[in-house]
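Dear colleague,

Here is the structure I promised to pass on. Please open it alongside this note. My findings follow below.

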Amino acid sequence: MLQIQTFQPTNLATTPFHHHHHRPRCAADSAASSTTLKAPYSVAKINHSIQSLCKKGQLKQAIDLLSQEQNPTQQTYELLIQSCAHQKSLSDAFSVHRNLVDNGFDQDPFLATKLINMYTELDSIEYARQVFDEITHRTIYVWNAILRALSLSGYGEEALSLYRRMNQTGMPSDRFSYTYALKACVVSESKFSSDWRGKEIHAHVLRHGYESHVHIMTTLVDMYAKFGSVENANRVFSSMPAKNLVSWSAMIACFAKNGRPFEALELFREMMLESGGDLLPNSVTMVAVLQACAAVSALEQGKLIHGYILRKGLDSILPVMSALVTMYARCGDLELGKNVFNQMEKRDVISWNSLISSYAIHGLGNEALSVFREMVQLGLSPSPISFVSVLGACSHSGLVDEGKMLFDSLLKRYGIQPTVEHYACMVDLLGRANRLDEAAKIIADLRDEPGPKVWGSLLGACRIHCNVELAERASRMLFELEPTNAGNYVLLADIYAEAQMWDQVKRVKKLLEAKGLQKVSGCSWIEVKRKIYALKSVDELNPQIEQIHAFVVSLSKEMMEKGYVPETKVVLYDVDAEEKKRIVLGHSEKLAVAFGLINSSRGETIRISKNLRLCEDCHTFTKFVSKFANREILVRDINRFHHFKDGECSCRDYW
């Protein structure tokens with residue numbers, strides 16, 4: 001007789017579907033069932049009735065009838081399992097599972113697969129694990145079911161460990177195995193090892209001829225996007241013989257989330273042209289495209305996308321509408337963002353977070369606090385991101401006491417354990433307000449290693465207030481934690497330069513060179529007549545570049561007569577005053593302002609976004625231009641918006 005292990009859960013006392021006795025199925029049972037021409041009428045009738053009740057959604061009645069059936073069939077259990085998942089009933093799932101075990105189906109690989117899928121749908125991954133652990137004959141379908149369950153539930157490391165075990169047993173992967181293993185890499189917490197494993201799985205895919213499977217290749221694009229490997233993702237995408245909407249959306253999102261907004265917008269345009277309108281963008285596509293518009297302040301293109309969303313009926317999808325609110329705010333039109341929010345019939349915490357962060361990026365701390373309080377009064381529980389947004393708003397508005405009270409309420413009132421992001425916000429809040437000793441005390445009191453975000457906030461505050469001692473302490477930690485981040489070296493050099501410590505500036509620059517690191521070049525974007533232009537200090541491709549430089553020099557001379565004095569302390573070179581002036585006049589934001597004045601209509605608002613923090617000289621320069629050219633100029637740097645009008649800035653020189 002065939003020996004079949006009974007279903008024995010790991011914790012007998014707490015498992016609702018365990019019974020102490022059942023009749024195991026054996027080879028004789030299987031032989032009898034396969035040679036019987038027709039089941040007895042009563043058996044067939046009850047099984048049929050149970051199946052019929054399941055199809056009608058009458059699960060309770062079906063389970064009641066199950067107790068009268070002595071020989072339930074595999075199909076009966078399949079429909080019962082599917083009904084439990086569909087009706088989200090864990091208690092009914094236990095009843096069906098218990099009956100299945102009692103009737104000797106616990107070693108049926110087909111039903112084990114269905115059970116694992118059911119428990120995954122019911123967010124009961126521990127029971128899915130038990131089903132897998134107890135099944136002795138594991139088909140590829142059983143392996144795929146548990147890989148899917150673990151990857152969907154965020155257990156990436158465990159899924160990858162099981163995938164290795166599967167390979168060691170000699171079980172060949174199929175297209176689903178590869179897809180779930182790659183998804184496990186995406187959700188894994190270990191970035192380095194998952195990236196390496198992902199590449200290993202990619203090699204397996206190519207070696208076994210699966211490169212034409214669109215789902216596998218799309219998941220590969222997702223995986224490389226998660227790890228910031230844009231070039232690898234693009235190579236996979238370009239090599240795909242056939243692409244579907246999910247593939248296009250994955251690559252557009254990859255560009256948008258990894259600082260390549262131009263490519264994201266261009267790929268979206270290419271998708272629409274290549275498909276001839278056959279591919280209708282979904283919510284994932286639209287969110288990615290709106291993020292790309294926001295990244296480069298492409299307001300006019302964003303409005304066109306908004307029109308498309310309305311025409312295609314995507315305006316009822318919450319993530320799309322939340323992305324619209326954020327897009328308008330990040331493109332400088334806060335009013336339009338508020339209008340979109342006010343017109344939303346339903347709002348979730350993400351929608352409210354979008355509005356809070358919109359006020360935050362415009363430096364409107366009191367307004368952000370007001371929206372946060374309104375959200376809480378309406379009964380919505382703030383998320384950890386809600387606090388990151390509202391603390392950021394307090395930071396940019398100098399609302400230190402309000403920020404401290406909010407931080408204290410995180411755990412006490414809302415039961416949210418503060419994360420590294422929240423501590424970084426507090427260090428930033430106190431640091432900007434020149435309360436650096438308090439900021440340093442927060443770091444000293446932390447039980448765990450603060451991490452680069454917290455130390456980075458402290459170094460940024462030291463840059464604002466030129467605190468050399470604390471800057472050296474913060475940078476020492478950052479050089480260990482982020483040895484390849486050139487920005488930390490540049491910030492320290494900036495602080496030394498402002499303190500006139502030129503020998504130290506040279507030392508830091510030599511460190512940069514020795515490590516083969518390069519400072520991130522300043523780049524500014526401006527939208528003129530629905531086209532986006534990028535401007536850099538050294539830009540030989542722009543046909544107007546000589547005219548732009550000449551115009552900046554001319555503007556600066558005029559403004560110097562009216563009181564503008566170039567702030568050359570931002571220059572990291574120990575050169576004479578005139579050379580320093582020439583260097584600061586070449587900053588990308590000044591070039592973008594000049595480009596806007598040359599190419600836009602009189603009275604039109606100039607909108608610019610920049611990849612770095614706005615330097616003090618560009619800030620002063622733009623204030624003068626707004627007054628003497630009588631223009632509103634909106635500049636979004638890496639931290640916030642600056643709204644220049646009549647010689648004043650909305651930040652009130654606090655940024």
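I start with a turn. Asp 646 has a positive phi near 55°. Asp 646 belongs to the hairpin of E5 and E6, where 2 residues lie between the strands. Keep in mind that this is a predicted model.

E5 and strand E6 (residues 648–649) run antiparallel, with 2 bridges joining them. Across from Glu 648 in E6 stands Lys 645.

E5 also pairs with E4. Strand E4 covers residues 633–636 and strand E5 covers residues 641–645. These two run antiparallel as well, joined by 4 bridges. Val 635 has His 642 in E5 as its bridge partner. The hairpin from E4 to E5 passes through 4 residues.

**Cysteines**

How many disulfides does a search of the whole structure find? The count is 0. Two cysteines show why.

Take Cys 394. The closest cysteine sulfur to its own is in Cys 425, at 9.7 Å. A disulfide needs the two sulfur atoms within 2.5 Å, so this pair is too far apart for a bond. Cys 394 counts as buried, because its relative accessibility is 0%.

Is Cys 462 buried or exposed? With 0% relative accessibility, Cys 462 counts as buried.

**Thr 568**

Where is Thr 568 found? Thr 568 is in the loop between helix H30 (545–561) and helix H31 (577–584). Beyond its neighbours within four places in sequence, Thr 568 is in contact with Ala 577, Lys 580, Lys 581 and Val 584.

Pro 382 is another matter. Thr 568 and Pro 382 are 186 residues apart along the chain. Their C-alpha atoms are separated by 44 Å.

**Confidence**

The protein chain has a mean pLDDT of 88. Of its residues, 91% reach 70 or more.

Two stretches call for a separate word. Over residues 1–14, pLDDT stays under 50. The model has 30 contacts beyond four places in sequence for residues 1–14. Over residues 19–41, pLDDT also stays under 50. For residues 19–41 the model has 25 such contacts.

That is the handover. The files are yours.

Best regards

Definitions and conventions:
Residues are numbered from 1 along each chain as its sequence is written. This is a predicted model: local features need pLDDT of at least 70, side-chain atom pairs count only at pLDDT 80 or more; totals for chains, interfaces and linings use all residues. Side-chain values use heavy atoms; hydrogens and water are left out. pLDDT is the predictor's confidence in each residue, from 0 to 100. Contact means heavy atoms within 4.5 Å. Buried means under 20% relative accessible area, exposed over 50%, partly exposed in between (1.4 Å probe, protein chains only). Two strands pair if DSSP finds at least two bridges between them.
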